[in-house]
Every structure is written in structure tokens, then in C-alpha cells.
Amino acid sequence: MALDSKTPKGPLKDKWTSYKNNIDLVNPANKRNIDVIVVGTGLAGGSAAATLAELGYNVKAFAYQDSPRRAHSIAAQGGINAAKNYQGDGDSSYRLFYDTVKGGDYRSREANVHRLAEVSANIIDQCVAQGVPFARDYGGMLDNRSFGGVLVSRTFYAKGQTGQQLLLGAYSAMNRQIARGKIEMFNRHEMLDVVKVDGKARGIIARNLITGEIERHSAHAVVIATGGYGNVYFLSTNAMGSNATAAWKIHKKGAHFANPCYTQIHPTCIPRSGDYQSKLTLMSESLRNDGRIWVPKSMDDVMAIREGRKSPTELTENERDYYLERRYPAFGNLVPRDVASRAAKERCDAGYGVNKTGEAVYLDFKSAIDRYGKEQAKLKGINNPSEDKTYELGQAIVEAKYGNLFQMYNKIVDEDPYKTPMMIYPATHYTMGGVWVDYNLMTTVDGLYCIGEANFSDHGANRLGASALMQGLADGYFVLPYTIGDYLSKDIRTGKIPTDTKEFDEAEKEVTERINFFVNNNGSKSVDYFHKKLGKIMWEKVGMARNEKGLKEAMAEIKAVREDFWKEVKVPGTADEMNPELEKAGRVADFLELGELFAKDALNRNESCGGHFREESVELDGLQKGEAKRDDVNYAYVAAWEYKGEPADAVLHKEQLEFNDIELKQRSYK
Amino acid sequence: MNLTLKIWRQKDANDKGQMVDYNVTDISEHMSFLEMMDVLNEQLINTGDEPVAFDHDCREGICGMCSMYINGEAHGPDRNVTTCQLHMRMFKDGDTITIEPFRATAFPVIKDLVVDRTSFERIQQAGGFISVNTSGNTQDGNAIPIPKKDADDAMDAATCIGCGACVASCKNSSAMLFVGAKVSQYALLPQGRVEATERVQNMVAQMDLEGFGNCTNTGACEIECPKGISLENIARMNTEFMKASLKG
Amino acid sequence: MSGLLKSSIGRKFAMAISAFFLMFFLLQHFVINLTSIFPDHGVTFNNLSHFMGTNPLIQYGMQPVLIFGVVFHFVMGFVLEIKNRSARQVSYAQNNGAANSTWMSRNMIWSGLAILAFIVLHFIDFWFPELNTKFIQGDWSGLHNGELRYFHELQEKFHNPARVGAYIGAFAFLAMHLLHGFNSAFQSMGANNKYTKGLKTFGKLYAIIIPVGFMIIALVHHFNHSH
């Protein structure tokens, strides 16, 4: 089957408008007879559920947490981009579109990204109207900050908790509809399969996580908004419960899975401290505005620091290797995420890591504190301030900017980052890949939609900072409500979908059998044992740098772990009660398949682009020697995989990417 | 370090439940409290026992899912942290740690340390929103200037993660800090003023219906709140409520 | 209005209003008592007491309001205490209340009960005899042996060290009740902002000075009378 993106014809800037003018609509009376299931209630799912309910559809929303407001969108710190041009610095939807395509290393679909940029401004208006307390300046106007990879200031923020505030906004819109009875909310429920009737998605099988009951829910369309699959690495900045089960289940039922190898490794996370580590904590990208990243130049100093014989503050400037400034003089510490992450790995692989695990580099604020201190002394008219005074003045400025992050670091690491440099290391953060969707956000299964991080569509091979929130809300508030209406307009005569059909019987049977297998298997190893094993393989062989040999090994090793898992997994407790181990078992089982497809996709893509770096594909000479090398001739396509049983047997479908409005260039940060 | 844990075990909502003692060994001081619980659970699974169920998700202090009452305090002895941010360096080798679920009639136990906090959701559904459609066709975000102080105060109130530590810590199991924060966020913004009267009345009525206790201003909630939500928000809710009642 | 009194915040507000009224009464009572230790052999005290005891506005206007205030405050206190207790049916095995709140704030019911017990004693000592004299015997003259009797009666009561001890103990409880109650009442009425910092200090002073003052008055009379 050829992949049809269903992108409307016409000039790029008119596509979305003319699309909206020409789609079929459902009249309000008919909307009352149509049910929609939304799985996942983060920014994308929450905003979609609220909007669909406002429009008049009957929405059933599902979340595995005890409330939609706990979805992991809540953890996004920095901000949300929108082409408002409030700063008058030359921003426009076109520029946002351009930055996003370029930042994504030219691996995203132009028309989708342009639409995203077009609706971005609406998001801000909407959120303000909902009572989202965005930061404001002294004139009472919305404030902006800058983020990596762009030349304008277009990021709106609410302290360091923008994701939280936007999610609470979307949740408040949901609450209004829950109160009206238009959204039926299923908290502590997990979707375990999608049900197809005559080729169309018509419902789901879900497990009530409190009672263990298996439930059937039917609808005229199903929307998957369950986020990314970063937890395939075991350690990531995702929440503990973040999982790929819904996305993977629909993949197995016919939805193609696109570009799984595009995963963002965020450069500034707090390093792992031991094998017991359960998750990694992100420190906002904004820290790189003022922090300088370094490791010692000499191995002796590295060893001395690791053994506690020397403190990093004792090293002179000459003894430090500010490797980002050395390698990328033009962008220095502000190179994009993928570049910064790989550079840290390169130093640590060479043995220069500064903590016991050998996986940490310094992020040092000493220069910034000095600089701000001197500036403040001057402003306050203090001549020849003492070193302590300068430090004190500078510290106050740094505290005002990053105080909450410094406090968080201090609580976790128990070191004062004002006094001694922070230690950081890259960690899995976001997955650009995901379920393949067309321009309508529909998967390759009719009536089955996928939005937010769970789909693959807008970020190409690398996502820019503050764009995830934008995409989630754009999909949910402003895109899906139109596109799904076009589909549902054909369903007004269908009537209620019954759940006592053989399709539901079969799906439920499959789900129940799998659960029964887990609780009865009585193996010898815990679920986490396998998850950690998978994570280690993924991190070492399908992590920040990948090569053919490693990827082939990874595929074989993941398969072996998976086989062992199905023999030896041990799930205590029963199926008919709250059972967190059982929940984890199902999720890890899916990660064990997804991981292999991930490696397969990485193996197929023999180029370096964005977050995907193949050691075979680097610049061999010139200024860019050693940097990532994209291959537009052979790989300017979306790799959409069709499920065929074993992950290794997945069949590749290519959606060729066309760039009519943008010229493909190499990203250079030298 | 080696520790003795006294943990509340309760099979389900109908079970009576009891405290059970466990021992864990070789706990690193760099572990988070929940990682220590992971170690215990791994140990329990390996010995064929049922692991302790507890709520947790983001493990970075923002989702508000984790909810343990540790050594007599919500989220344990540290300040301005959730349980997932609490680190074992707060404890000493040989310590006995008591771990209980958040307790309130309005937060019934589901299993072990997991409680049902959907009473909070129902309070929000009673009025914790602004009745504006999500069409995007609202006025421009800058059409109504909002004084920086109001925006900042609204943000401080909105920082609430809805974990329920305020209820758990309050001797009266009062939810006023939570509801006060929600009411305040909207009361401080011009967009929220339109429905301010009905909102505060509806939310307070729902709060009372859920069986939370009344506030006696002990201030325990503010101290134990991982996000440092201020008592000012309760005072503001009181004023808003009385104003609304006078309006009728 | 009755609907308002069913809501948690309405009740809290009503507690605060009655508390303000009682605190105002306490201040007034204190000022009058203070005059009993003026070096004028009780003249001012007697005059003021007689005025308060015979003025119809105070007797028929303020007195019933006061009684209502006292009864309302403690009845509502009980009602809220019962409701608050039912809001947590299973208590904690270990609860470290001292970590986040003052003893006073957590034990208002106990300091309140101590004060209630004291009020009963106080009524037996002063108020019931007053009622008996005025309303049953119909003697509104305030005279005993041709002199205003109030100062003398006061001195008599503080003769017994056990009673003085009970009074002092009760005032200690009153101080504790007020140390939390004063600011709590303001918070309940919605006053909590940068301007209330000064109010908090004032509240603490009030909560200590008034009860300590009452204690001193009791002691002065006790020792003056003894020698």
C-alpha cells in the first residue's frame, strides 16, 4: 500500500485554510449521536477531549493516572513557542515554520509544520482566556524568552512550569465538559487494545487499574494521545508510567510506526548516581545560556576528582577543556541539543567523565556569576568590590534566573551548585518518531487518530526547545477537531457501536489471555530486571551514536531478552486487583518489541540526521570534519514500518518528503 | 545504611489493614525515597511476597502522584519536596521509618499506600475553570493587560500540584489550601473574575460535600506543601466566599 | 444566612466574628478590672462596676449578646471539632504535628474546654450571685452596708489560694487560646497580606498581656488581702 499523506494541494500558506473551507461538517444534532474515545489526557489528549466535547461529541477519555492533570506533559519546564511577534523582532508563522523544519534536520512534513506554525498564535490567546498565568512584564503584557536554535524571542512561559500550567488549563477545559457530562472520564484505566470492525477503529479494551476488570468501550473513532516511548531506555526523563503500549497495540493492529530511531537525548540532565537509579531529572536547556561546559584536560585531574583528592574549583582555566567552545566557536555552549549531547558522550567515552560512573561533565556558572557580579557592582556604584562581594551580587542574579533549578539540583545531588560546578549528562527526553499519521492526523487504520508526541509528524529528526507543548495543544485544540469531523461526517447514520460483537470478544480474549499468562507464569525474574536489561542495550548500542555492527547486535540481544522475558518473567499478585507489577509487565513486553524495531529503523537509516547519529555517516574532511552527515539523496523520506509478526520482519513503507518552500542545507554550528 | 520500615499494608478498600515491619539493607544515601521503596519491592518480589503498592509517576516533584506519610509528616521530614524528591541522606543508619498512606475520610485507601484523591477532581469540576470555548477565536492574549503582581500571585497559587499533602497534614483533614489555591488563581486574573461568585460557592459546596474537615488555621498545610503554597490563598478564598455569599 | 452557616467557610467566619466579640469583651473586662488595683481603694472600680451592673443598655442589650457569643463560640467549636474528627476516621500510627504547627493551634479544643470550665467557676463566683441579688432579690442598689459592694466582693474571692491558683491556670490556657486564636480569627476573616505582619505582633502581645494582666490583678488582690 502506498502511503498517502493526503496533503491538500495548493500553495503551502493556503493549504490549511482551504482544507478547512472544503471539509465535510457534522451538524450539531448529529454530533450528539457520535462517540469518540480519547486515550491519554496530556496536552494533546486533554485539549482534544475538551474541544471535541465542546463541539458536541460524546467523549470518553482514559488516563492511567488518577487524574488527567498528572500526565507527563506537566513536567515540561521551559515554555511554548508561538509566532506572535510581540517583541517585534521579525517573527512570523513562516519563520517559525522554517526554524522547525530546519531544526528537525529536514525530516518533517512541510505542510504539517506550516499548519502548526499558523495555529501557534491561537494557542496563546486560548490559554490566556482559560486563565493560564503566563509570565508578564511590568506593563502587564506577555513576556517572552529565547530558546536554542532560533534567532527570535518567541517562547511564552510560566516560571519553570509551563507544561504544568498549560496542562492545568487543558484540564480545566476538560473539567467544564466533565461537569456537563460531555466527557466521561476514566481515571486509572489503561488501554490494552484497539478494536477494529470492518477495518475501522471502533473501540478499545481497557483495564480498570483499581479492580483489574477488563472493560469494553465502543466509539465511532479512537484517538491515541499517549505520548512518547522514551522509557524504552529504562532510564529517561519520562515519568515512570510513561509507556508505548497504546501506540504499540495499534501498530500491531495495522497502524504504521514511523521513524522510531528519531529520539532526542537531552544534554543537561542530572547524571546517574548508581544502579538503583529509577529515572533521570532534566535541568532546563536555559541553563546553557549562562553555564560553561567543561571537563579536565588531563587524565590525572580526572582521576584526582573522581577519587575526591581534588575539587573541580581547584583547576585553573588552563587545566580545563571547554570542549563545546573549542569545537564550536560560533555557537559555543548553545549548540543544539543533539550536538551538545554527542560532544559530552565523546569526552566521557574518551575517559574524561568526572564522577564515579565516568558519565558526567561540568556545567559551570562561575564565569556568569563573576560577570553578573561585576555588572551589578557597577550598577550599584561599588568601586573595586571585593571578590566575595562580586560573588554575592552575581549569585543573586543567577538565583533569580535559575533558583528553582539550582535548588532541585541541590536536593538531588546534595552539592551546592553556586559553589561547585553542576554535573550533567545527556538523557533520553523526547521521541520525535511515533505512529505514522497523514495530514488529518489519521493513522493507516480508518478512524484511528494519533496526536501529540505519540505521532511522528512535526519535529522531523530533532525537536526544538518549547515546541512539544505547541504541537500537543495545536493537535488537540485546533487540528484534530476539524480533521476528525470530516471523517465522522460519514458516520452520522451508523448509530451506537455495539460491544457484544465477535470483534470485541476476540480483542478481549487476547488481552485476558496475556494478563493470565503474566500472573500465572511464575518465572524467576522481576519485570524491572528485563526492563533494565533492555535499557542498557538500547543506551549502549542504540543511544547517542549508532553503527551497523552495534545495531545488528542490539536487534539480536533485544530478541534474546524478549524470549527470556516470556519464559522467566515473574508477576506477583493476581489479575483482579490493583497490581502495579502486572501493569509494568504489559508495558515492558511492548517495549521489548518496540526496541527491536527501533534498532532496525536505525540500521536502515544509514545517514546522520538530528537525534539519529550513525558513526558511518560523518563528514570526512574540511571544517565540518567529524560532524553528522545527512544524506538527502537516499534518505529524505519517512520510514513507516508495517507490523508483520516479529519486529525484525516489519516492512518498510516510504513517504518521500518534498521540500518546495525550503532549500535543504547542512546545519553548521562551527 | 540499614533500615527498618514500618509500612501500612492493606489489600483493598475493604480490608482492615495493618502496619508490617520490613528490613532493607545497603541503602545508598544518594537514593531517593522511592528508589529505596523500589529496592524493598524487588526484594519482596524475589522472596515471593507481594510488593508494596504506592502511587508515583514523574519522580521529579511535579505530577503530584506520590503521597506517603513518612515518620509522621506528609512527604517526609524534608521541606519543599515531594516524596520522590526526598533523599535517603535525610535518614541515618539503623533508623526505623514509619510509612503510611495519606489519611482522610475523603481520601479512602485503595491499596497499601495508594489512596483515592478523586474528591479533588470533583471539586475542580464544580467550578475550577473559565467557561470559554477552546476555539482559539478569543481575543488577543495581550488585549487585557494584567499587572505583573497579579500574574505572579496567580502563578504562585497555580503551582499547586494537587498531591493532597495539605489534607494529609491538617489535623482536621481540611482541603482549604488546595481549594484556596484553585480559587485564588482565577480570582486574581481578570478572565476569572467573570464567574468568580459562582465559582467559589460551587467549589466550597463540593469541598464540604466530600467530607473534608474545616480549617482551624494551624498552618500545617503551608509548611508541608511541597510547593510552598501560601496561607494567603485560604484567606483570599474566605473573602471571596463571603463576598459571594453577600451577593447571594 | 442559615445556608451560610452550613458552609465550612461560613462557620469559620462566624467563629471568627464571635471570637472578635469575645476578645473585645475581654479587653473591656480587663480595663475595668485593672482599675481595681488603682491606689484609690476601689473607688473607680466600684463606680465602673456599678455602671456596668445597672445600666439597662448593658444589662438588657449587651449582656444577652455576650451570653449568646460565649455559647455560640463554644457550641460551634464543638460542632466543628466533631466534624473535623470525622474527616479522618483512621488516625496515623505516627504523627509529628510539632513539625508543622504549634501546640496551641492543634489544641484549641482543650484550651477552650479549660476556659469553659473556668467560665463556669467564674459564673459561680460572680455572675450567679449578681443575678441572684438583682433579679431574684430585686436589689439594684449595689450597696452593702451603705457602700458599693463590688470591690470588697472581689477582694474576698481572691482570699482562697486554691481559687487564685485555678484562675491563674485558666489564664494560662486563655493565653494559649489567644496566641493562636487572635491571628486565626483575622486569617478566617480573610486578612492575610503584608499589612497583617504588624497585626500578628499585636495579636501576640494581646494574647500575653491580657491574661498576664489578669493574673497580676488576681495576685495583687490575693497578697494585699492576706496581710
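Two residues are in contact if their C-beta atoms, placed from the backbone, lie within 7 Å. The views show a predicted model, in which local features need pLDDT of at least 70 and side-chain atom pairs count only at pLDDT 80 or more, whereas totals for chains, interfaces and linings use all residues. Residues are numbered from 1 along each chain as its sequence is written, and chains are lettered from A and ligands numbered from 1 in the order in which they are written.

**View 1. The side of chain B that touches chain A.** In this interface, 63 residues of chain B are in contact with 69 residues of chain A. Helices (H or I, at least four residues) and strands (E, at least two) are DSSP runs, numbered from the N terminus. Among the elements of chain B that give two or more residues to this side are helix 1 (33-46), strand 6 (109-111) and helix 5 (176-187). Helix 1 of chain B gives the most, with six residues. By class, this side of chain B has 26 nonpolar, 23 polar and 14 charged residues; Ala, Val, Leu, Ile, Met, Phe, Trp, Tyr, Cys and Pro count as nonpolar, Asp, Glu, Lys and Arg as charged, and the others, Gly among them, as polar. Of the two pairs of chains that touch, chains A and B have the most contacts.

**View 2. The side of chain B that touches chain C.** Here 40 residues of chain B are in contact with 36 residues of chain C. Helix 9 of chain B supplies the largest share of this side of chain B, eight residues. The side of chain B that touches chain C has 15 nonpolar, 17 polar and eight charged residues. No contact joins chain A and chain C, and their closest C-alpha atoms lie 20 Å apart.

**View 3. Helix 1 and helix 3 of chain C.** Helix 1 (residues 8-34) and helix 3 (residues 56-86) of chain C pack at an angle of about 140°, with their axes 9 Å apart. The residues that make this contact include C:M15 and C:F25 of helix 1 and C:V70 and C:M76 of helix 3. By class, the residues of the contact divide into 11 nonpolar, three polar and one charged.

**View 4. The buried residues of helix 6 of chain C.** In helix 6 (residues 150-157) of chain C, the buried residues (20 or more other C-beta atoms within 10 Å of their own) are C:Y150, C:F151 and C:L154. Seen down the helix axis, these buried residues fall within an arc of 100°, so they line one face of helix 6 of chain C.

Notes. Buried ≥ 20, exposed ≤ 12 C-beta atoms within 10 Å, placed from the backbone. Arc of directions from axis to C-beta. Axes fitted to C-alpha atoms, helices over the stretch in contact; angles between N-to-C directions.
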